[in-house]
Amino acid sequence: ATPLITGGKVFCNLGGIQFIPLRMRDGMAFAFDAATGKELWKLSYGILGFSNVPRPVAGHGMIFLSTSFMRAQILAIRYDKSANPSISWRHKRSVPKTSSPILVGKELYFVSDAGGVVTCLDAFTGKVHWQERIKGNHSSSPTYADGKLYFHSREGVTTVIKPGKDKLDVLANNQLPGQHMSSLAISGSALFLRTDKALYRIEKN
């Protein structure tokens, strides 16, 4: 399930333990029982990470998170009902400090803050399927909707790609005035995009 960010914690519905808040500080990840506040586990990931902006995502018995600032890494923490979680793999190249990764099926996608480098990894192993540049600088997180992935650059360009592990498949590039700093919102068949100039609703007639 999609993690819920509230009160400085991340809530994930994982592996039969309901709504576990996860927090990170000083190179460590913590999980607590939301009902009692009891610490369930903590895990050092061995590097300094702070000001964690990207939202962790969960799936396949793992939590995927960016260590954010200093030198960002993507970590896959194997949780899967265990009281002793472990790091299954880590990825160090072109990792975002601000935008969140996104899990679609068995693949994890993310885009670098600078240069618009999109990476597609095998979520189970961390193997790089492909890594390609869509250009631009990115602060907003990608969104998955209607079988497509949407990436929004600070230059106002939305790049739409078809998910898949074989290659980068760009379906469209659309330009709006202003900068994209926030992520896409969806209601029904309508897409809502906010730039620093205006709020847009985009929908087929």
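Colleague: What is the relative accessible area of Ser-94, and how is such a value read?

Modeller: Ser-94 has a relative accessible area of 26%, so it counts as partly exposed. Buried means under 20%, exposed over 50%, and partly exposed in between, with a 1.4 Å probe and protein chains only. This is a predicted model, in which local features need pLDDT of at least 70 and side-chain atom pairs count only at pLDDT 80 or more, while totals for chains, interfaces and linings use all residues. Residues are numbered from 1 along each chain as its sequence is written, and side-chain values use heavy atoms, with hydrogens and water left out.

Colleague: Where is Ser-94 found, and what is its phi?

Modeller: Ser-94 is in the loop between strand S9 (86-91) and strand S10 (102-104); strands are DSSP runs of E, at least two residues, numbered from the N terminus. Its phi is positive, about 55°, although Ser-94 is not a glycine. Lys-135 is not a glycine either, and has a positive phi of about 75°. Lys-135 lies in the loop between strand S13 (128-133) and strand S14 (143-145). With 62% relative accessibility, Lys-135 counts as exposed.

Colleague: Ser-139 is also in the loop between S13 and S14. Is Ser-139 buried or exposed?

Modeller: Ser-139 is buried, at a relative accessible area of 16%. Its side chain and that of Arg-154 are joined by a polar contact of 2.8 Å (N or O atoms within 3.5 Å, one able to donate a hydrogen and the other to accept it; residues adjacent in sequence count only if both atoms are side-chain atoms). Leaving out residues up to four places away in sequence, Ser-139 touches Thr-98, Ser-99, Arg-154 and Met-181, where contact means heavy atoms within 4.5 Å.

Colleague: How many aromatic pairs does the structure hold, and how is a pair described?

Modeller: The distance of the ring centres and the angle of the planes describe a pair. The structure holds two aromatic pairs. Phe-64 and Trp-89 form a tilted pair, 6.1 Å centre to centre with 40° between the planes. Centres must lie within 6.5 Å, using the six-membered ring of Trp; planes under 30 degrees apart are stacked, over 60 edge-to-face, and the rest tilted. Phe-64 lies in strand S7 (residues 62-66) and Trp-89 in strand S9, so this pair ties together parts 25 residues apart in sequence. Phe-64 is buried at 0% relative accessibility, and Trp-89 is buried with a relative accessible area of 7%.

Colleague: Why is the pair of Tyr-109 and Trp-130 tilted?

Modeller: The planes of Tyr-109 and Trp-130 stand at 55°, with the ring centres 6.2 Å apart, so the pair is tilted. Tyr-109 is in strand S11 (residues 107-111) and Trp-130 in strand S13, so the pair ties together parts 21 residues apart in sequence. Both Tyr-109 and Trp-130 are buried.

How values were computed
Helix = DSSP H or I, 4+ residues; strand = E, 2+ residues; numbered from the N terminus.
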